Amino acid sequence: MNYKIIGKYIKSLDFKIPNPKTFYLLTKDISKYRINIDIKSNQLKDGVIEVETTLNLIPEKDDFEKINTKIIYSTVIELTEKIIDKQDIEKIILIKVPTEIYPEIRKIFVFVFESSGFENIKISDKVDFQKLYDTRKTQ
């Protein structure tokens with residue numbers, strides 16, 4: 001597998017609904033938001049990398065009051081063998097780790113929404129990180 005997860009935690013969690021009107025409108029307009037995923041990495045020491053996976057909702061248009069929802073999930077990995085090819089490390093960070101931890105991030109995100117009164121929140125069960133990686137490479 002080339003790496004192992006040695007720790008994971010919620011680094012940051014924002015969930016702000018500014019007022020009751022926004023809450024009420026959001027229950028009807030949640031489909032006007034889309035999921036955005038961002039992945040960053042930081043080398044902590046030789047062979048140890050922090051992978052930050054951010055999941056947030058962003059409005060498709062700016063014509064209504066917005067909510068602020070964002071989770072940053074940190075996964076600390078250790079490379080289990082010396083990897084010289086930077087593309088192999090990139091694939092671990094951008095494909096393998098996010099694929100492995102996405103179900104946990106999704107579960108937390110859905111829980112926060114459901115606990116805030118949104119019963120029918122639709123967040124995709126699966127994300128094809130390989131496809132996102134390939135798309136990014138061709139751009």
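pLDDT is the predictor's confidence in each residue, from 0 to 100. The model used in these exercises is predicted.

**Exercise 1. Confidence**

Find the average pLDDT of the chain, and the elements with the lowest and the highest mean pLDDT.

Solution.
- Step 1: The chain averages a pLDDT of 87. A score of at least 70 is reached by 96% of the residues.
- Step 2: Among the elements, helix H1 (residues 20–29) has the lowest mean, 78. Strand E1 (residues 3–16) has the highest, 95.
- Step 3: Where pLDDT is low, the predicted coordinates should not be read in detail.

**Exercise 2. Threonine 53**

Locate threonine 53, decide whether threonine 53 is buried or exposed, and list its contacts beyond four places in sequence.

Solution.
- Step 1: Threonine 53 sits in strand E3 (residues 48–59).
- Step 2: Its relative accessible area is 3%. Buried means under 20%. Threonine 53 is therefore buried.
- Step 3: Leave aside neighbours within four places in sequence; threonine 53 then contacts Ile37, Asp38, Ile39, Ile71, Ile72, Tyr73, Ile101 and Ile105.

**Exercise 3. Aromatic pairs**

State how many aromatic pairs the whole structure holds, then classify the pair of tyrosine 102 and phenylalanine 129 and the pair of phenylalanine 109 and phenylalanine 113.

Solution.
- Step 1: A search of the whole structure gives three aromatic pairs.
- Step 2: For tyrosine 102 and phenylalanine 129, the distance is 6.1 Å centre to centre, with 65 degrees between the planes. Planes over 60 degrees apart count as edge-to-face, so this pair is edge-to-face.
- Step 3: This pair links distant parts of the chain. Tyrosine 102 is in helix H2 (residues 86–115) and phenylalanine 129 in helix H3 (residues 129–138), 27 residues apart. Both residues are buried.
- Step 4: The ring centres of phenylalanine 109 and phenylalanine 113 lie 5.4 Å apart, with planes at 75 degrees, so this pair is edge-to-face too.
- Step 5: Phenylalanine 109 and phenylalanine 113 are both in H2, four residues apart, about one turn of the helix. Both are buried.
- Step 6: Ring pairs join Phe15, Phe109 and Phe113 in a cluster.

**Exercise 4. The largest nonpolar core**

Name the residues of the largest nonpolar core that touch the most other members, and the element that gives the most to this core.

Solution.
- Step 1: The core has 30 residues. Val51, Ile77, Leu79, Ile92, Val97, Phe109 and Phe113 touch the most other members.
- Step 2: Two or more residues come from each of strand E2 (33–45), E3, strand E4 (68–79), H2 and H3.
- Step 3: H2 gives the most, with eleven residues.
- Step 4: Take valine 97 and leave aside neighbours within four places in sequence. Valine 97 then contacts Tyr3, Val51, Thr75, Ile77 and Ile92.

Definitions and conventions
Residues are numbered from 1 along each chain as its sequence is written. This is a predicted model: local features need pLDDT of at least 70, side-chain atom pairs count only at pLDDT 80 or more; totals for chains, interfaces and linings use all residues. Side-chain values use heavy atoms; hydrogens and water are left out. Buried means under 20% relative accessible area, exposed over 50%, partly exposed in between (1.4 Å probe, protein chains only). Contact means heavy atoms within 4.5 Å. Rings of Phe, Tyr and Trp (its six-membered ring) pair if their centres lie within 6.5 Å; planes under 30 degrees apart count as stacked, over 60 as edge-to-face and the rest as tilted. A nonpolar core is a set of buried Ala, Val, Leu, Ile, Met, Phe, Trp, Tyr and Cys residues joined through side-chain atoms within 4.5 Å.
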